[in-house]
Amino acid sequence: MLFANKNLKLLSFLALLLILAAFAMVLFYAPIELNMGIVQKVFYFHVSAAWIGMLAFLVAAVCGIVYLNKKQLKFDHIAFSAVEIGLLFTAIANFTGMIWAKPIWNTWWTWDPRLTTMTIMAFTYIGYLLLRRGVDNPEKRARFGSVYAIIGFASVPLTFFSSRLLRTIHPTIFGADTGDMAMIPAMYQTMGVSIIAFTFLFAALLWHRSILAARESELDTLRAQTEALEFGEVLDD
Amino acid sequence: MKDWLHSVRALVWKDLLQEWRSKDMLTAMFAFAILTLFIFNYAIELSPVNRAEIASGIIWVVIVFAGTLGLNRSFTSEQDQGCFDALVMAVPDVSAIYFGKMLTNWLVMLFVSLLILPIYSLLYNQSLFNAGFILVLVLGAWCYSAAGTLIAGMTVQTRMRDLLLPILLFPILMPVNMAVVKAAGGILAGAPLVNVQAWLVLLAAYGIIVTTVSILVFEYVIRE
């Protein structure tokens with residue numbers, strides 16, 4: 001029962017292969033950066049994990065919108081699974097960032113827009129999980145979860161924009177002329193492969209977790225039915 | 001549209017009248033605000049030199065904390081008396097409920113600010129009655145009630161209720177907190193409004209986005 005179907009099995013193995021490939025490229029193919037040294041290599045997985053964090057919360061918000069329109073619980077299962085996985089990857093991004101920041105910025109933490117936004121976003125989605133735990137009715141839980149995922153995701157760009165108005169020291173890699181960190185082709189290739197590998201890993205995890213969420217929901221329904229039956233028998237006696 | 005406005009007005013009037021008769025919430029919010037102010041007085045050495053710079057932050061935190069008390073109460077009377085369904089039936093569109101509650105929360109927050117400002121000015125001998133500063137507070141309180149009313153509508157129906165509201169609300173409000181504190185701080189330091197324009201635009205954008213999204217999704221919060 002590890003794999004619910006063939007496609008999922010294929011996707012899972014593909015994700016595993018890609019992750020191994022990305023790992024090998026980071027270790028052996030990507031050069032050691034001149035100024036920062038070996039610690040710069042954490043950057044490949046750091047950026048990929050941060051990307052998955054954002055992607056997961058986007059998926060949750062989109063599934064929220066779809067759920068509110070279609071009222072099919074499977075979209076809620078996907079949204080909930082995406083949030084859980086997104087939180088995990090956000091944590092990975094934050095911790096790998098810290099490992100990099102200590103030698104480079106000489107501090108574990110700084111009030112930079114990206115760090116602040118990521119962390120506030122993580123707290124938004126911890127709130128999402130708490131909100132769900134406070135509601136027993138699955139249909140209502142799905143509704144509230146969807147509403148909160150939508151409003152939470154809408155606030156993320158505003159948080160980023162406002163903290164950027166304050167200040168930034170985070171290196172801008174893409175679309176910047178300042179060149180905080182110049183990348184050579186081998187670095188771009190490694191970056192690309194790790195982002196693709198993480199995306200596949202995310203897809204596989206999301207699929208597994210959604211199936212689990214659907215089973216949990218079935219189990220809850222069965223339990224409720226059994227309890228209702230037992231209660232009925234007690235009444236009959 | 002006329003019906004809608006009429007319902008909003010009736011709702012706001014009902015809530016304000018109910019509050020005015022008991023004054024439970026206003027008294028609690030006011031007392032809480034003053035106590036928070038006193039805590040700040042001892043927690044941060046408010047010397048005349050740094051006082052001017054951090055006044056905006058302190059005032060906003062005091063208003064936000066007191067506002068959370070108010071938000072927590074904004075749906076409890078309906079929830080406890082089981083009048084949600086009646087309320088939903090009474091209005092032409094559920095968005096009127098959101099809008100009415102949002103306006104009430106906004107007005108209550110502004111009322112509390114109105115009480116706090118002269119007291120702060122008196123205690124610290126620093127006048128906060130500045131048109132720009134008040135504009136920032138009005139905008140900030142709008143953003144706060146816009147997000148808060150939506151979240152409170154959900155948390156009141158959960159098991160954890162009061163406990164959950166700040167946990168869900170504060171991360172979403174982070175841009176508002178930054179904008180209000182920076183804009184108000186700039187204004188109190190004597191900067192012209194043009195210098196803090198970006199923050200004011202951010203507040204307006206936040207208010208518009210959150211109010212619009214809330215009106216769209218509020219139906220799913222309230223309807224069984």
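**Helices and a chain contact**

Author: Let's start in chain A of this predicted model.

Reader: Thanks! What makes the reach of helix α3 of chain A close to the expected one?

Author: Helix α3(A) spans residues 73–105, which is 33 residues.

Reader: Over in chain B, why is α7(B) called roughly antiparallel to α8(B)?

Author: The axes of α7 (residues 131–155) and α8 (residues 164–188) of chain B cross at roughly 175 degrees and come within 10 Å. Angles over 145 degrees count as roughly antiparallel, so α7(B) is roughly antiparallel to α8(B).

Reader: Which residues meet there, and how many of them are nonpolar, polar or charged?

Author: On the α7(B) side they include B:Phe133, B:Val136, B:Tyr144 and B:Ile151, while α8(B) brings B:Leu165, B:Leu168, B:Ile172 and B:Val176, among others. By class, this contact has 19 nonpolar, 4 polar and no charged residues. Gly counts as polar, and B:Gly132, B:Gly140 and B:Gly148 in α7(B) are among the residues that meet α8(B).

Reader: Now for the contact of the two chains: how many residues does each one give, and what makes up the side of chain A?

Author: Chain A gives 25 residues and chain B gives 23. The elements giving two or more residues to the chain A side are α4 (113–133) and α5 (138–166). The largest share, 16 residues, comes from α5(A). By class, the chain A side divides into 16 nonpolar, 8 polar and 1 charged.

Technical notes: Residues are numbered from 1 along each chain as its sequence is written. Chains are lettered from A and ligands numbered from 1 in the order in which they are written. This is a predicted model: local features need pLDDT of at least 70, side-chain atom pairs count only at pLDDT 80 or more; totals for chains, interfaces and linings use all residues. Axes are lines fitted to C-alpha atoms, for helices over the stretch in contact, and angles run from 0 to 180 degrees between N-to-C directions. Helices (H or I, at least four residues) and strands (E, at least two) are DSSP runs, numbered from the N terminus. Angles under 35 degrees count as roughly parallel, over 145 as roughly antiparallel, 65 to 115 as roughly perpendicular and the rest as oblique. Two residues are in contact if their C-beta atoms, placed from the backbone, lie within 7 Å. The expected span of a helix is 1.5 Å times one less than its number of residues.
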